[in-house]
Amino acid sequence: MRRTLQLCSLALAVLPACGVTEDNAPPAVPVGAVAFIDEDPDPGHIEITVVAGPARWEYLPGKPADVWAYKDANAPDATVQVPGPMLIGRVGDRVTVHLRNELPETTTIHWHGLKVPAAHDGSHVSQKPVAPGDTFTYEFTLTDAGTFWFHPHLDGENQIERGLYAPIVVRGADDIVVDAERMFVLDDVKIESSGKLSETITPLDLMVGRQGNVLLVNGMKQPQLSTEAGARERWRLLNAANGTFFNVTLPGHKLRVIAWDGGLLPAPYETDTLVIAPGERYEVLVDLAGANGETLTLQTLFYDRGHDLPDFGPRPLLTLQLDGEVTGPRPALPTRWGDVQALPIDATTRVRKFLLEEEEAATPAEEPRFFINKEVFPDVTPISVGMDDLEIWEVSNDATMDHPFHLHGTFFQVLDQPVLGWKDTVNVPQKGSVRFAVRFDNPGAWMFHCHILEHADRGMMGVLDVKH
Ligand code: C2O
Ligand code: CU
Ligand code: CU
């Protein structure tokens with residue numbers, strides 16, 4: 001009985017079989033996540049107030065850390081958490097977000113992966129920083145179903161590291177029936193034994209992105225979840241770390257990848273391990289094998305992203321306690337997944353080249369620098385393209401470490417690999433290159449950058465102007 005109810009509430013938005021036909025009901029929130037409180041009863045309009053401010057959060061139980069958090073102004077203080085509450089809506093919903101900055105420094109909110117109007121993108125080139133004590137109102141419409149996130153675009157290496165990040169789920173009309181849907185926001189923090197965030201930043205942190213000593217899922221060290229043997233679950237995975245790559249695996253299980261950054265793939269594919277670079281999102285279906293009473297451990301494995309980073313072996317991310325067993329036939333998988341058309345590139349499509357380079361600090365007093373086409377942000381030459389232009393971007397990495405390349409404002413399709421799908425962040429391997437096709441369908445000034453935050457903040461960012 002309990003299971004039936006849960007199934008219904010999760011599938012509410014998409015399953016008329018549950019007897020709910022009005023689409024006035026708010027979209028179902030993944031298990032364990034908390035949604036912002038909507039101030040507007042109009043079902044097609046989401047209005048929330050986000051306070052960015054100091055807070056306390058226990059990364060280690062019983063040892064509070066001073067963090068910065070996105071707080072829901074309409075929720076009680078006791079519910080403050082890192083990551084912040086989820087923004088959840090449906091394709092077509094209008095969204096109004098009132099940001100109140102209670103931080104001691106300027107900030108903005110960037111809606112990573114959402115196709116918002118350029119003036120509401122929250123990047124360095126799209127708005128004036130919001131001063132301490134000030135407010136700013138973001139307005140946009142949700143255009144694509146998928147898993148996204150929001151975070152500041154100023155001083156990201158500090159503001160995001162201190163806790164300013166939160167997931168976004170946009171629901172569309174898919175008919176994937178699962179026993180549970182979960183959001184897993186992956187991160188790591190460097191903390192002292194007292195539980196406080198470490199203030200120590202090493203030259204290696206600047207070079208490769210801050211490395212945490214504690215891995216987090218939804219702001220917690222190795223959380224334990226309870227589920228049932230035989231359950232089919234949908235997991236939305238997001239890497240919010242400054243520089244750490246995750247390589248997730250659930251021993252004994254296949255991960256069925258159903259969506260990338262920009263939504264559902266035309267067909268899922270299976271994998272044993274899944275590398276998730278900073279900024280990237282993946283959605284997977286997993287059928288939990290095992291007997292009632294068993295414990296499964298989601299782990300991250302070593303992934304060699306360069307600079308001789310140490311191999312710690314498998315590290316636990318979270319444990320799934322199998323309490324009970326799902327009986328009866330499992331719901332069938334959908335026969336239709338995402339509707340993705342390949343962008344019509346050909347031999348005449350313009351190819352634009354980017355070169356990523358790094359320069360180590362010459363003296364201990366200096367910092368490393370990171371370049372795109374020999375330039376260091378903000379001293380960059382904006383790239384200008386026409387509205388609806390189709391281009392191939394070829395990003396080459398001459399550094400001895402991977403750089404996850406992120407583009408604002410639109411999605412792209414990675415070429416030279418077997419899966420067709422939409423991405424906004426793609427890992428460019430050390431001494432390697434990636435090509436992607438992109439159509440510029442969103443006018444205005446946008447940014448592209450490495451999503452290792454220390455690199456972005458030290459120059460590895462560029463500006464794109466899409467002319468109307
Ligand atoms: Cu998630 Cu420009 O960033
Ligand atoms: Cu972004
Ligand atoms: Cu980088």
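Guide: Among contacts in the chain (heavy atoms within 4.5 Å) between residues at least 6 apart in sequence, 75% join residues at least 24 apart. This is a predicted model, in which local features need pLDDT of at least 70 and side-chain atom pairs count only at pLDDT 80 or more, while totals for chains, interfaces and linings use all residues. Residues are numbered from 1 along each chain as its sequence is written, chains are lettered from A and ligands numbered from 1 in the order in which they are written, and side-chain values use heavy atoms, with hydrogens and water left out.

The chain has 4 helices and 30 strands; these are DSSP runs numbered from the N terminus, H or I over at least four residues for helices and E over at least two for strands. For 468 residues, a compact globule would have a radius of gyration near 23 Å, and the 21 Å of the chain agrees with this. That radius is taken over C-alpha atoms, and the globule rule is 2.2 Å times the number of residues to the power 0.38. Along the principal axes, the C-alpha atoms fill a box of roughly 65 × 55 × 45 Å. Buried residues make up 56% of the 468, where buried means under 20% relative accessible area, exposed over 50% and partly exposed in between (1.4 Å probe, protein chains only). The chain exposes about 18600 Å², of which carbon and sulfur atoms supply 53%; accessible areas come from the Shrake-Rupley method with a 1.4 Å probe, and for residues only the protein chains shown count as cover.

On a 1 Å grid over the protein atoms alone, a pocket is an open set of points with protein on both sides within 12 Å along at least five of seven lines, a cavity is a set where a 1.4 Å probe fits but cannot get out, and lining residues have an atom within 4 Å of a point. The second largest pocket has a volume of about 450 Å³, a volume being the space filled by probe spheres set on grid points joined across faces, edges and corners. Its lining comprises 19 residues, and Val275, Glu280, Tyr282, Val426 and Asn427 lie nearest its centre. Strands S17 (274-276), S27 (425-428) and S28 (433-439) each supply at least two lining residues, with S28 giving the most, 3 residues. By class, the lining has 11 nonpolar, 4 polar and 4 charged residues. Here Ala, Val, Leu, Ile, Met, Phe, Trp, Tyr, Cys and Pro count as nonpolar, Asp, Glu, Lys and Arg as charged, and the others, Gly among them, as polar.

The loop between strand S26 (412-414) and S27 holds aspartate 416. Aspartate 416 has a positive phi of about 60° although it is not a glycine, and it counts as exposed because its relative accessibility is 60%.
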